[in-house]
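Hi,

Here is the structure I promised to pass on.

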Amino acid sequence: MVKFTAEELRASMDKKHNIRNMSVIAHVDHGKSTLTDSLVAAAGIISQDVAGDVRMTDTRADEAERGITIKSTGISLHYEMTDESLKRFKGKREGNSYLINLIDSPGHIDFSSEVTAALRITDGALVVVDCIEGVCVQTETVLRQSLGERIKPVLTVNKMDRCFLELQQDGEEAYQAFARVIENVNVTMSPYEDEKLGSCLVAPEKGTVAFSAGLHGWAFTLSSFAKMYVAKFKVDEAKMMERLWGENYYDAATRKWSNAKNTASPTCQRGFVQFCYEPIRRIISTCMNDDKEKLWQMLDKLKVTLKAEDKELTGKKLMKRVMQAWLPASDALLEMIVFHLPSPATAQQYRVENLYEGPLDDPYATAIRNCDPNGPLMVYVSKMIPASDSGRFFAFGRVFSGTVATGNKVRIMGPNFVPGEKKDLYVKTVQRTVIWMGKKQESVADVPCGNTVAMVGLDQFITKNATLTDEKAVDAHPIKAMKFSVSPVVRKSVACKNAAELPKLVEGLKRLSKSDPLVVCTIEESGEHVIAGVGQLHLEICLKDLQDDFMGGTDIIVGPPIITYRETVTTNSSHTVMSKSPNKHNRLYMEARPLDSADLDPQQPTVAKTIDDERIGPKDDIKERGKILSEEFGWDKDLARKIWAFGPDTKGPNMFVDMCKGVQYLSEIKDSVVAGFQWASKEGALAEENMRGVCFELCDVMLHSDSIHRGGGQIIPTSRRAMYAAQLTASPRLMQPMYLVDIQVPQTVAGNVYTVAYNSGGELKEEANRVGTPLANLKFYLPVARSFDFTDKLRAATSGQAFPQCVFDHWKIMPCDPFQAGSDSGKVIADIRKRKGLKDIITPLSEYEDKL
Amino acid sequence: MDDIDARYEVPRTADFIRSRAYTRVALQFPDEMLRDAAAVARALRRELAGGGGGGVKLFVMADTAYNSCCVDEVGASHIDAQCVVHYGHACMSPTSNLPAFFVFGKMPLDTNACGRSLLECSRESDKHILVLYGLEYAHAIDDLKAVVAELYKSHSGSVEVQYADVLCSVMSPSSAAEREHDQSDGNTHSNDVSIQSDGVATFVNNCCNVEGSKRKYNLGGLTWSTPIDDNMEDYVLYWIGQDNSAFANIVLTFNKCDIVRYDTVANQPSRDVSHLMKILRRRYYLVEKAKDANIIGILVGTLGVAGYLHIIEQMKYLIKAAGKKSYTLVMGRPNSAKLANFPECEVFVYVSCAQTALLDSKEFLAPVITPFEAVLAFTRGREWTGEYLLDFKDLITTEKPEISNKTEEARFSFIKGGYVEDSCTEGKEEQSETSLALAEVTEKALSIRNLNNDAVLYQGGANSAIDYLKARSYRGLTGEYEGPAPDSVLTGRTGRAAGYNHETTKSAQ
């Protein structure tokens, strides 16, 4: 029984102060989806009985099967709040009905792109943390991400039931654990404090922390309890809340509050323990002991009434129902969401700077800032959601300003759109605007700003994300592209079993790449289709989707994992190499060297990393670039001015530097030499992998005096050959991708984890025991190449207690010489060359270097 | 001397020349046979003189501008030759102007070993066997047939073996003009010797024509027929010869068939065609890459193969219809250095005979594709289905290819892994959406050209060679002088540089 209709929902969409767009984020298995159920149940979409079991937002069969969320799912919920509960709310509001657009996101690191997409279109985040496991690696990641997007977080300490039932912690112990969790969250967030966003530190006494048990559907904030005690202590609610947290102790005997624990008195207890933890513990234990008489008395005191049939229940079921009736999760969470998360009207004021690419004083920026439903249209599509059957997609996003309506003609600005150009720009009609209400969608005539929306009819022009504006808004800039914290590094080739089904595969790959924010479908030079995903699990899900959903079950052959390597050099070229042009009339002299000098502090990011991070790049001001290079990396200032190009793809982590003096016609061949550099840095001499961290220096040039004999045809292939020769003379090495693996395990099996990790070539980065828990946190660097059976091995060695989270971290030089027979990198190169259909052995230096 | 006579079929050639009463004949030799050229010419002259054909002028041609497998008609027309005698490996592409006589040469073939291997192959498979061979082994096929028939008798085999025939050894440019058959032709065939060059073609697979209840195939100088109900997949192809471009042509065209190659040097069969399948997959990649190109170079690699002008026109039309820019370049034997002189072209379409069309462009700055691949790449909505053609004559259509302008979906690029906008819509939009005219103009006024020269130069951001030139850091002598215009306009010299008009008087003095 849904408690609201589409009309009601639509009506509250206009009240921009009464909207909350929020995502639920957390580490994997900390109970996001389960907790979300409580909120959904409160809106009446599912019944309270099953809340916590259905996992309403896990809509896919494999999500239910694996018990993890894979795709983020949006759901619009409508609540009528009572005047009573809104009494203390100081912000702007229009009436008592609230609209919450909630997005449940996956916690596994492989799907963190979904989190990014969810954060972009929301203003607040409910951070869920397991009270026992505490802040985990993914919690940190999502917190960082949300603050980067200026998303205000509130915290809920989840799985409270574990404290009572599983660990049977006493009050003080539990309090310490909770306090630690909260402190850790705050510590994680503090470096990302943002003036405009205001303080994001969470504190229970402010009401920004809730304590919940998602599985049982109950939760409380300190204000829930404060309300109960206001009458008793005759203080106001805010004052009471403060007393319920921190160093506030109450001596039941003396009926006095104090700031320090009076150790002498056994009746003196921390406020939180005395007034929050203990009552719950008593209720729970009474329920579990089936001491019903005592229970009814207690419930009477608390003014909690149970339905007649519920009174028949026993044990856990009874406990669940009692707790739900006493401290319904939705009440506490809703209050926290409504009170402490910003409305779009508030949030867009400070988010506009982070969102809009164009000038912040143009009409579009102003409309976003004011959240103006009558302003120009600005919609950001953050993801594409497959429609159930038709093979089409909904474009799901957020209206930042204006109103999007069925039949609107919109300009679609794709991720490669450049203002003023026609690239990646389409004008299309929105066929239908849709809102999500649980598992079903409802069409609405239009959706005003501040809300999430799904649109039909645009899917053939949007790959993954886009900005939509009015068709006539030609001077609008797009909304900034999302930055993902992970990148697709695991790749596998796919082919059809039956060659004639290739068109099906092609179509399937198109759809797949649309359905996921980070999957990349490309084609190799050898003609193989390749799917790249963030991690193994991600890729597995993608392949399954491809076969089952997008290709109708057609048989596909999946190849072994393909790992991309990088080629680099480790020393300066042993000598200056020279290559002659095909007509023998031009000579290029070059040297290669590593971008980083040998005495670079290993802790400092490398030049290549700095280029990756776009701190230096082709578009820089030359002075700025020179300053960074000379101050941080010890480059000669003049040298930094002579950078001709970055490559591959004009912005990669390799450089070409001109060291010539007084060469005639040099300006004429610059473009040709750089073309050769782009080519060579894309396909290195070892295995045609991209180069990384290589600096090529042009030392001298002899050119024919007739321009016809020094054209591109003579220079481009020659400069490429010269660069290969330079690379081969500078101790070339392969670089392999490394994962940072985060493992949380009971300390008892940590030893087994070490064994498995070392056997797979891992190196320990850090280890930490989690205070107050039997858990240890281990961090390893692990070669991606050896990570594929790592998860399984680890599970086997720890009887399933260790669950690694792998994320690409850096490129590491393989120290062995690829030219030495039988070396690891030599084998890797041989494999790559075989896969790419190249000659078995690396082309020798003599092919590239010419003699005078 | 007898060796030369036999190997180069001197008497047969002389008969041919005599029977048609040609007086100026060009002898075209590939590089590897060039050392025999003088001897062959001498022998031929002697043979002609002996048979009453004196007065025939013979010219030796070598080092052809394009490929030695094609008849060099341009070279021959320099000496006003009436016909070309082509020696060595031939692709048998139809000529457009001159009649040609082909001497394939004779490579030794161990017919007994080959016959046995053929028999073995037929036992392994219950499919019919179709024997195809390099033209240089054509002389030994009759022997082979006899050997195989003998072997079958003794082994009571029942599987049918079919042999392809050599299409002809004489080729005339037009079927209507001359329908003479060379009676002295040693090979048995009574087919129409000339190949229709007026290009009436079904689009898909013209190397296969339906005639009555037979399906007739012509490929690389070989011809064979199959019952109309049979597909080529029902046959095992048994190729006798080297692993060369003719074989590649067969494998790629019939890439779904079982193929056995009998290696004439090692005298053993091999089933390994994986390297060619790799090539096929790579071609697929190149097609995907070509889809992303904005500027396309059409490389004219033949001036002889019939219909080349037509296909060039068709390519230009196709490229234009796809909203891309094409430039036509005439280039004999493309190589890395030659093509890199045109760095603005992102892909080249190589119009040449079927056996040279397949260039391995790995070392080239831009890939080179065949006209068939270009059709796949530049026709929206066409998919790679595995079917493959190398011979462009099969592509020629009399009607303009139909271009659907309905851009119902943006194009997905597998190179970039996302949707890309093809810059073709510009012209059309302006007319169709007049309501937006003002907006369009504003947009233009606002546009900033060439924000990133690097992207234009090295990442295919240019839409035409002009864009490319604008992005270059060096654009040659620009002619934008600082100073004012020259004072007055003067009449310059007239005439040729060898001697201007006013100079002739001087030399007369």
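This is a predicted model: local features need pLDDT of at least 70, side-chain atom pairs count only at pLDDT 80 or more; totals for chains, interfaces and linings use all residues.

Now the overall picture of chain A. Its secondary structure comes to 27 helices and 34 strands. The C-alpha atoms fill a box of roughly 105 × 60 × 55 Å along the principal axes. For 852 residues, a compact globule would have a radius of gyration near 29 Å, and the 31 Å of chain A agrees with that. Of those 852 residues, 61% count as buried. Chain A exposes about 33,200 Å², and carbon and sulfur atoms supply 49% of that area. If you take the contacts in chain A between residues at least 6 apart in sequence, 73% of them join residues at least 24 apart.

On to domains. For chain A the assignment gives domain 1 (6-234 + 328-340), domain 2 (365-470), domain 3 (490-562), domain 4 (567-720) and domain 5 (734-816). The centres of domain 2 and domain 4 of chain A, taken over C-alpha atoms, are 43 Å apart. Chain B is assigned domain 1 (4-103), domain 2 (111-174 + 205-271) and domain 3 (280-413). In chain B, the C-alpha centres of domain 1 and domain 3 lie 33 Å apart. As for contacts, 16 residues of domain 1 of chain B touch 17 residues of domain 3 of chain B.

The aromatics deserve a paragraph of their own. Over all chains, the count comes to 33 aromatic pairs. Take A:F677 and A:F696: their ring centres are 6.1 Å apart and their planes sit at 75°, so this pair is edge-to-face. The pair links distant parts of the chain, since A:F677 belongs to helix α22 (residues 666-682) of chain A and A:F696 to strand β30 (residues 694-702) of chain A, 19 residues apart. A:F677 counts as buried because its relative accessibility is 0%, and A:F696 is buried with a relative accessible area of 0%.

Another pair to look at is A:Y754 with A:F780, where the centres are 5.9 Å apart and the planes at 75°, so this pair is edge-to-face. Here A:Y754 is in helix α24 (residues 750-759) of chain A and A:F780 in strand β33 (residues 775-783) of chain A, a separation of 26 residues. Both A:Y754 and A:F780 are buried.

What does the buried side of α24(A) pack against? Its buried residues are A:A750, A:V753, A:Y754, A:V756 and A:A757, and they pack against β31 (732-746), β32 (763-769), β33 and α25 (790-797) of chain A. Just after α24(A), A:G761 takes a positive phi of about 80°.

Last one: ring pairs also build a cluster in chain A, and its members include A:Y175, A:F178, A:F211, A:W245 and A:W326.

Cheers

Methods: Residues are numbered from 1 along each chain as its sequence is written. Chains are lettered from A and ligands numbered from 1 in the order in which they are written. Side-chain values use heavy atoms; hydrogens and water are left out. Domain bounds come from an automatic or database domain assignment. Rings of Phe, Tyr and Trp (its six-membered ring) pair if their centres lie within 6.5 Å; planes under 30 degrees apart count as stacked, over 60 as edge-to-face and the rest as tilted. Helices (H or I, at least four residues) and strands (E, at least two) are DSSP runs, numbered from the N terminus. Buried means under 20% relative accessible area, exposed over 50%, partly exposed in between (1.4 Å probe, protein chains only). The radius of gyration is taken over C-alpha atoms; the globule rule is 2.2 Å times the number of residues to the power 0.38. Contact means heavy atoms within 4.5 Å. Accessible areas come from the Shrake-Rupley method with a 1.4 Å probe; for residues, only the protein chains shown count as cover.
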